[in-house]
Structure formats: C-alpha cells, structure tokens
Amino acid sequence: MANHKSSLKRIRQDKKKALHNKYYAKTMRNAVRKLRSLTNKDEAAKLYPTVQKMLDKLAKTNIIHKNKAANLKSSLALHVNKLG
C-alpha cells in the first residue's frame, strides 16, 4: 500500500482517469461496430464523419494511439466505399 499522501492521491486520480478513458474507448468501439454492421451506403457515409471525428479526438487526447486511429479510419473508409 502507498505510504505518501501524494501517491494516495495519484492512485485516486488514476482510477478516475482510467474509468473516463474506458468509457470513451468503449463508446468508440461501439460506434465502429455500428458503422461496420451497416449495409446501406448512404447511412454509412452519413455516420463515417462522426466516427472519424471521434477517433481523431481520442487520438489527440491519447486515449487511443494515433496509428490505431489512422488504421481504423482507413479500414472504415474502405468499408464505406465498398458498399453498393
């Protein structure tokens, strides 16, 4: 167990931050899953910019890695373009 006041505070802060990051990462995963499940090109094209914006924001705040965001955006763009 931590002995210093500052380390106890750091533990509290880390728990709070982890919960915050977990929420946004899960929200992002659900949005990506929803976009991948769409079969209508118009709906997918409408949803893609919001998912792209979400990925960029999460990469900017280091919730996900910037390369992961780029890979996801690329694969989602391919998915949207393939739809008929």
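Some ground rules before we start. Residues are numbered from 1 along each chain as its sequence is written, and side-chain values use heavy atoms, with hydrogens and water left out. Because the model is predicted, local features need pLDDT of at least 70 and side-chain atom pairs count only at pLDDT 80 or more, while totals for chains, interfaces and linings use all residues.

Let's begin with the core. A nonpolar core is a set of buried Ala, Val, Leu, Ile, Met, Phe, Trp, Tyr and Cys residues joined through side-chain atoms within 4.5 Å. Buried means under 20% relative accessible area; exposed is over 50%, and partly exposed lies in between, with a 1.4 Å probe and protein chains only. The largest nonpolar core here has 19 residues. Those with the most contacts inside it are Met28, Leu35, Val51, Leu55, Ile64 and Leu76. Helix 1 (5-37), helix 2 (41-60) and helix 3 (66-82) each supply at least two residues of this core. Helices are DSSP runs of H or I, at least four residues, numbered from the N terminus. Helix 2 gives the largest share, six residues. In general, nonpolar side chains tend to be buried together in soluble globular proteins.

Now take leucine 35. Contact means heavy atoms within 4.5 Å. Setting aside neighbours within four places in sequence, leucine 35 touches Ala44, Leu47, Tyr48, Val51, Leu76, His79 and Val80.

Next, how do helix 2 and helix 3 pack? Their angle is about 175°, and their axes are 10 Å apart. Axes are lines fitted to C-alpha atoms over the stretch in contact, and angles run from 0 to 180 degrees between N-to-C directions. So helix 2 is roughly antiparallel to helix 3, a label for angles over 145 degrees. Among the residues making this contact are Tyr48 and Asp56 of helix 2, and Leu72 and Lys73 of helix 3.

Which residue pairs with lysine 73 in a salt bridge? Aspartate 56, with the closest N and O atoms 2.7 Å apart. A salt bridge is a side-chain nitrogen of Lys or Arg within 4 Å of a carboxyl oxygen of Asp or Glu. The structure holds one. The pair links helix 3 to helix 2, 17 residues apart. Aspartate 56 is partly exposed, at 36% relative accessible area.

Last stop: histidine 20, in helix 1. Histidine 20 is partly exposed, at 43%. Its C-alpha atom is separated by 9.4 Å from that of isoleucine 63, 43 residues apart along the chain.

Key. Angles under 35 degrees count as roughly parallel, over 145 as roughly antiparallel, 65 to 115 as roughly perpendicular and the rest as oblique.
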